[in-house]
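Here is a short report on one protein chain. Keep the sequence and the 3D view open as you read.

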Amino acid sequence: MSAIDDLKQTMVRLRAKPGGCPWDQEQTHATLVRCLIDEVSELIETIDRGDLAHMREELGDVLIQIVFHARIEEEAGNFSFEDVARDINEKLVRRHPHVFAGETAETPEQVLVLWN
């Protein structure tokens, strides 16, 4: 099992009724917004400071927010973390035809032209 699978299973267990965590069980997208903002702010601070020792931890804190929001929607039957990951992967491939589809871009400016 991968670390991502472990993380998703941890979130499933935290949100489980019964047996999970009461705080995690009651969270919604709206109640988690402040947490997401705080975690992204902490990540930005580590980047601004060049604090690589703490950047890994802060990236994890942002990732758990993404997993948490995706889990809420998976419970509602709307989409899963896998759907989110698949969509962003497809977007990355689509936005980089110079890497994946035979287009040419020699400079960052040419890449931006392809995106548009």
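## Overall build

This is a predicted model. The chain holds seven helices and zero strands. Read from the N terminus, its elements run α-α-α-α-α-α-α.

## Surface and burial

The chain has 116 residues, and 22% of them count as buried. Its accessible surface comes to about 8200 Å². Carbon and sulfur atoms account for 57% of that surface.

Contacts give another view of the fold. Take the contacts between residues at least 6 apart in sequence. Of these, 39% join residues at least 24 apart.

## The largest nonpolar core

Which residues make up the largest nonpolar core? There are seven: M11, L32, V67, F68, A70, I72 and F81. Helix α4, residues 52–75, gives the most to this core, with four residues.

Set aside its neighbours within four places in sequence, and L32 is in contact with W23, Q27, Q65, F68, H69 and I72. Two of these partners, F68 and I72, also belong to the core.

## A buried loop residue

Now look at S80. It is found in the loop between α4 and α5. Is S80 buried or exposed? S80 counts as buried because its relative accessible area is 10%, and the cut-off for buried is under 20%.

What does S80 touch? Leaving aside neighbours within four places in sequence, S80 is in contact with A70 and E74. A70 is also one of the core residues.

Where is V84 placed? V84 lies in helix α5, which covers residues 81–95. The relative accessible area of V84 is 31%, so it is partly exposed. That class runs between the buried cut-off of 20% and the exposed cut-off of 50%.

Technical notes:
Residues numbered from 1 in each chain as written. Predicted model: local features only at pLDDT ≥ 70, side-chain atom pairs only at ≥ 80, totals over all residues. Heavy atoms only, no water. Helix = DSSP H or I, 4+ residues; strand = E, 2+ residues; numbered from the N terminus. Buried < 20%, exposed > 50% of the residue type's maximum accessible area, 1.4 Å probe, protein only. Core = buried A, V, L, I, M, F, W, Y, C linked by side-chain atoms within 4.5 Å. Contact = heavy atoms within 4.5 Å. Areas by Shrake-Rupley, 256 points an atom, 1.4 Å probe, with all protein chains shown as cover.
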